[in-house]
Amino acid sequence: MKKNRVGIIAVLLLLAFALVGCGSSKKKTGSVYYLNFKPEVAEVWEEIADTYTKETGVDVRVITAASGTYEQVLQSEIAKREAPTLFQINGSIGYETWSKFCLDLKDTELYDHLLDKSLAVESNGGVYGIPYVVEGYGIIYNDSIMKKYFALPDKAVSISSAEEINNYDLLKAVVEDMTAHKEQLGIEGVFASTSLSSGEDWRWQTHLMNLPIYYEFNDKGVNDLDEIDFTYADNFKNIFDLYVDNSCTDKMELGSKTVSDSMEEFAQGKVAMVQNGNWAWSQIESMDGNVVGEDDVKFLPIYIGVDGEESQGICIGTENYFSVSSWASKEDQQATIDFVEWLFTSDVGKDYVTNKLGFIAPFDTFNDDEEPDDPLAQQVIAAMSDDSKQSVAWNFTAFPGQLFKDQFGADLLSYVKGEMTWDDVVSDAKTQWKEQK
């Protein structure tokens with residue numbers, strides 16, 4: 001009996017050691033928390049997260065910041081115990097703000113696959129931001145409405161198609177004549193609402209402001225400035241006034257309008273034009289009451305009346321850089337890197353990137369047949385290979401920061417409402433740039 005008892009104890013001890021051994025060898029998988037920048041693709045990111053979790057067992061959580069609030073949300077979230085492991089910085093200026101939270105990604109597979117490594121955010125030999133999409137924006141127009149206009153027997157211009165518009169003066173002549181004929185064209189205005197409510201004004205305080213800054217940087221042969229002269233302020237005013245004065249919405253109501261409002265107006269055929277980027281196609285296509293077909297959606301460059309703009313193309317670049325938290329655990333860092341690399345290298349991930357997110361990805365893992373097939377993305381791809389046009393670089397990554405943009409946007413609204421003169425707007429922009437730089 002004693003011998004049997006010793007044998008039983010020995011067996012139990014062996015089982016205990018075996019269980020301890022199994023427990024200690026269990027691999028920690030880590031988890032991913034992505035703070036998403038773009039509300040318009042929030043549902044897609046959530047679907048991606050769910051698919052990845054089902055495929056790998058790794059938990060992926062996606063939180064989306066409201067439009068225009070990303071910096072504030074990131075500042076709040078980054079200080080929490082369970083902070084984002086994956087977040088976005090907008091180039092070198094963004095890196096200056098968040099550098100202590102950014103992991104060096106130089107040795108990752110994703111960086112190896114980057115087609116143009118000069119696009120990455122680098123510092124002291126390290127890589128702290130990897131661009132994950134190339135995008136383009138300009139004036140999107142409904143070619144069906146434009147053709148209707150150009151067929152009018154009493155139109156005021158001699159050209160016969162929107163493709164022939166190649167400078168501001170010609171654009172202005174067409175737009176103002178379309179406004180005069182809006183009842184015949186069945187539209188409420190030429191341009192969709194110039195959304196100027198707080199957080200919804202990024203198309204003007206960032207994307208449109210990029211044009212005068214681009215030309216000023218070009219003139220001075222620089223890619224950043226501590227102070228701006230705002231040399232092309234009147235050119236900004238040219239196009240901004242054209243938008244506002246030929247909108248479907250009275251200027252006194254623009255402070256309550258959102259980007260979604262303007263995209264709905266365009267999708268429902270109430271207007272002929274809207275300033276936005278290739279990402280807008282998913283909004284147009286899915287909008288209730290959409291009457292705009294793929295063949296009718298086309299880009300015009302944003303002309304502002306600068307000499308030689310006949311050779312200007314649309315605005316192409318990126319402000320979207322992935323950064324991984326240097327403060328996350330090693331397991332969470334690796335899980336996050338694995339998730340991003342899966343997204344841009346696996347067949348399932350690339351399908352999401354191309355067909356759901358609509359990204360033009362800057363990595364060598366994508367073949368020609370894996371490029372987005374939506375009409376606006378295709379035009380951006382074509383524009384990048386069009387040697388007859390000079391694309392406008394995205395210089396707003398050099399803007400002082402979100403506070404500058406928000407103040408400029410607020411000043412634009414005050415100008416529209418008659419509460420500020422244009423000279424005051426210009427003066428304030430120059431002052432705010434200098435002070436915030």
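Not counting residues up to four places away in sequence, serine 247 touches Glu188, Gly189, Phe191, Ala192, Ser193, Thr194 and Leu254, where contact means heavy atoms within 4.5 Å. The structure is a predicted model, in which local features need pLDDT of at least 70 and side-chain atom pairs count only at pLDDT 80 or more, while totals for chains, interfaces and linings use all residues. Residues are numbered from 1 along each chain as its sequence is written, and side-chain values use heavy atoms, with hydrogens and water left out.

Serine 247 is located in the loop between α11 and α12; helices (DSSP runs of H or I, at least four residues) and strands (runs of E, at least two) are numbered from the N terminus. The residue is buried, at a relative accessible area of 12%, given that buried means under 20%, exposed over 50% and partly exposed in between, with a 1.4 Å probe and protein chains only. The side chain of serine 247 reaches the backbone nitrogen of threonine 249 at 3.0 Å.

Methionine 273, leaving aside its neighbours within four places in sequence, is in contact with Ile139, Ile140, Tyr141, Met146, Leu171, Val175, Met178, Val190, Phe191, Ala192 and Phe266.

Empty space was examined next. Rolling a probe the size of a water molecule over the atoms shows where such space is left. On a 1 Å grid over the protein atoms alone, a cavity is a set of points where a 1.4 Å probe fits but cannot get out, a pocket is an open set with protein on both sides within 12 Å along at least five of seven lines, and lining residues have an atom within 4 Å of a point. Points are joined across faces, edges and corners, and a volume is the space filled by probe spheres set on them.

The whole structure holds 2 cavities of 30 Å³ or more. Two or more lining residues come from each of β11 (321-324) and α14 (330-345), with α14 giving the most, 3 residues. This lining has 8 nonpolar, 1 polar and 1 charged residues; Ala, Val, Leu, Ile, Met, Phe, Trp, Tyr, Cys and Pro count as nonpolar, Asp, Glu, Lys and Arg as charged, and the others, Gly among them, as polar.

The second largest cavity, of about 40 Å³, is lined by Phe191, Ala192, Ser193, Arg203, Trp204, Tyr243, Met273, Val274 and Gln275. Of the elements involved, β8 gives the most, with 3 residues. Phe191, Ala192 and Ser193 of this lining are also among the residues touched by serine 247.

The largest pocket has a volume of about 960 Å³. Its lining comprises 43 residues, of which Phe37, Gly68, Tyr70, Gln402 and Lys405 lie nearest its centre. Helix α4 gives the most to this lining, with 5 residues. By class, the pocket lining has 14 nonpolar, 19 polar and 10 charged residues.

Methods. A polar contact is a pair of N or O atoms within 3.5 Å; within protein, one must be able to donate a hydrogen and the other to accept it, and residues adjacent in sequence count only if both atoms are side-chain atoms.
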